[in-house]
Amino acid sequence: VQLQASGGGLVQAGGSLRLSCAASGRAFRSYAMGWFRQAPGKEREFVAAISWSGGYTYYVDSVKGRFTISRDNGKNTVYLEMNSLKAEDTAVYYCAASYRPHGTEATMATIREYDYWGQGTLVTVSS
């Protein structure tokens, strides 16, 4: 599976962006998907995850109510809608795919749960 993230950019605080992650391969619909981010000088952290069917979604507390993860299995794409952006959301955002179609909130938030990673897209929020 190859993953291509896009949609990052520069936005003012309070603004919105939608990230997309396009996946190659017919097995996309069987993978759980996640978004992670890495700010300068910090470790990569979990942002959101979605099960293969879209029936389960998980978020880190800091983005709950502001970000929404979704997927379109017909288009092999997962999205991250980001609203009310804050300066602390500034990071490189990575999408990732897991062989396991779904898991617990704890496992889906774990980097080692994922088998494939995209190249990242930079989101910069100016205050």
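These notebook entries record what I looked up in a predicted model.

**Entry 1: the nonpolar cores.** I began with the largest nonpolar core, which has 29 residues. Met-33, Trp-35, Leu-80, Met-82 and Tyr-93 have the most contacts inside it. I then listed the strands that each supply at least two residues of this core: β1 (3-6), β3 (17-23), β4 (32-38), β5 (45-50), β7 (67-72), β8 (77-82), β9 (91-98) and β11 (121-126). Another core, of 8 residues, lies apart from it, and I noted Ala-32, Phe-36, Ala-96 and Tyr-114 among its members. In soluble globular proteins, nonpolar side chains tend to be buried together.

**Entry 2: Met-82.** Which residues is Met-82 in contact with, leaving aside its neighbours within four places in sequence? I found Gly-15, Ser-16, Leu-17, Leu-19, Arg-66, Phe-67, Tyr-93 and Val-123.

**Entry 3: salt bridges.** I counted 6 salt bridges. In one of them, Asp-89 meets Arg-37 at 2.9 Å, N to O. Asp-89 is in the loop between β8 and β9 and Arg-37 in strand β4, 52 residues apart. Are these two residues buried or exposed? Both Asp-89 and Arg-37 are buried. I also noted a network of salt bridges that links Arg-37, Glu-45, Arg-66 and Asp-89.

**Entry 4: Arg-100.** Arg-100 forms a salt bridge with Glu-113, with the closest N and O atoms 2.8 Å apart. Glu-113 lies in the loop between α1 (105-108) and β10 (116-117) and Arg-100 in the loop between β9 and α1, so the pair ties together parts 13 residues apart in sequence. The side chain of Arg-100 also meets that of Asp-115 in a salt bridge (3.5 Å, N to O). For accessibility, I recorded that Glu-113 is buried at 12%, whereas Arg-100 is partly exposed at 35% and Asp-115 is partly exposed at 30%.

Methods
Residues are numbered from 1 along each chain as its sequence is written. This is a predicted model: local features need pLDDT of at least 70, side-chain atom pairs count only at pLDDT 80 or more; totals for chains, interfaces and linings use all residues. Side-chain values use heavy atoms; hydrogens and water are left out. A nonpolar core is a set of buried Ala, Val, Leu, Ile, Met, Phe, Trp, Tyr and Cys residues joined through side-chain atoms within 4.5 Å. Buried means under 20% relative accessible area, exposed over 50%, partly exposed in between (1.4 Å probe, protein chains only). Helices (H or I, at least four residues) and strands (E, at least two) are DSSP runs, numbered from the N terminus. Contact means heavy atoms within 4.5 Å. A salt bridge is a side-chain nitrogen of Lys or Arg within 4 Å of a carboxyl oxygen of Asp or Glu.
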